[in-house]
Amino acid sequence: MNDDSVPLDNHSLQILFELQRDARQTVQQIADKVGLSSTPCWRRIKEMEASGVIRGYTVVVDREKVGLNLAAVTEVNLDRHHESKVRDFEKAVEASPQIVRCVSATGPADYILTVLVPDIKHYERFLHTTLFEQAGVTHVRSAIVLREVKHGGSLPINLGATSRA
């Protein structure tokens, strides 16, 4: 287990489950569902926010309804893994609003990106003005997403078990 893990009991796991299901619930609604009164429930939420277990709250937007019709899974390789090149590449990724997800991975690619743009012309422009401009990028492979089979952000919280640090 990760050294940064935080011990969570079943009530805290249930709170996380409920917040992932619907973060717009009131503390009282969550407390009723997990079997606590509102004050201890609120306190647990605040503790999980302070410890970084809860990193924030967000809204899920339908990308196509806001004109982001093309999604690409893009694999990137760097020529060298010097700390400065890696840091520069990762800063460029952070600065690019089209890149909505980036993971450093094992296997054939150093990085796997999820890129959202309006159409293929915008994706080509993104490649030339963002990825190909980065020093050290040696190879880029793209897969255009035909449809999303599963999309979600909820973690598979096991409500039957507690986590241990």
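**Helix packing and sheet architecture in a predicted model**

Ile157 touches Leu13, Leu16, Phe17 and Gln20, when residues up to four places away in sequence are not counted. In this predicted model, Ile157 belongs to the segment after β4. Its C-alpha atom lies 39 Å from that of Phe132, although Ile157 and Phe132 are 25 residues apart in sequence.

Helix packing was examined next. Two packed helices are described by the angle between their axes and the distance between the axes. Helix α1, residues 10-21, packs with α3 at an angle of about 80 degrees, and the two axes are 10 Å apart. The helices α1 and α3 are therefore roughly perpendicular to each other. On the α1 side the contact is made by His11, Ser12, Ile15, Leu16 and Leu19, and on the α3 side by Cys41, Arg44, Ile45 and Met48. By class, six residues of the contact of α1 with α3 are nonpolar, two are polar and one is charged.

Helix α3 (residues 38-51) also packs with helix α2 (residues 27-34), at an angle of about 105 degrees and with axes 9 Å apart. That angle makes α2 roughly perpendicular to α3. Here α2 contributes Val27, Gln28, Ile30 and Ala31, while α3 contributes Ser38, Cys41, Trp42 and Ile45. The contact of α2 with α3 comprises six nonpolar residues, two polar residues and no charged residues.

The strands form an open sheet of four, in the order β2-β3-β1-β4, with antiparallel pairing. Strands β2 and β4 stand at the edges, each with a single partner strand, so one side of each is left without a neighbour in the sheet. From one strand to the next, the twist averages 20 degrees. In β4, Val140 is the bridge partner of Val76. Helix α4 packs on the sheet and touches β1, β2, β3 and β4, its direction making about 25 degrees with that of β3. Helix α5 likewise packs on the sheet, touching β1, β2, β3 and β4, and its direction makes about 25 degrees with that of β1.

Strand β1 is joined to β3 by seven bridges, the two running antiparallel; Ala71 stands opposite Leu116 in β3. Seven bridges also join β1 to strand β4 (residues 137-144), again in an antiparallel arrangement, and Glu75 stands opposite Arg141 in β4. Strand β1 is mostly covered, with seven of its nine residues buried. In strand β2 (residues 99-104) is found Val100, which is in contact with Thr114 and Leu116 once neighbours within four places in sequence are set aside. The C-alpha atoms of Val100 and Ile112, residues 12 places apart along the chain, are separated by 11 Å.

The largest nonpolar core contains 17 residues, of which Val76, Phe89, Leu113 and Tyr123 touch the most other members. At least two residues of this core come from each of β1 (70-78), α4 (83-95), β3 (111-117) and α5 (120-131). Beyond its neighbours within four places in sequence, Phe89 is in contact with Val76, Leu78, Tyr111, Leu131, Gln134 and Val137.

Technical notes: Residues numbered from 1 in each chain as written. Predicted model: local features only at pLDDT ≥ 70, side-chain atom pairs only at ≥ 80, totals over all residues. Heavy atoms only, no water. Axes fitted to C-alpha atoms, helices over the stretch in contact; angles between N-to-C directions. Parallel < 35°, antiparallel > 145°, perpendicular 65-115°, else oblique. Contact = heavy atoms within 4.5 Å. Nonpolar A, V, L, I, M, F, W, Y, C, P; charged D, E, K, R; others polar. Core = buried A, V, L, I, M, F, W, Y, C linked by side-chain atoms within 4.5 Å. Buried < 20%, exposed > 50% of the residue type's maximum accessible area, 1.4 Å probe, protein only. Pairing = 2+ DSSP bridges.
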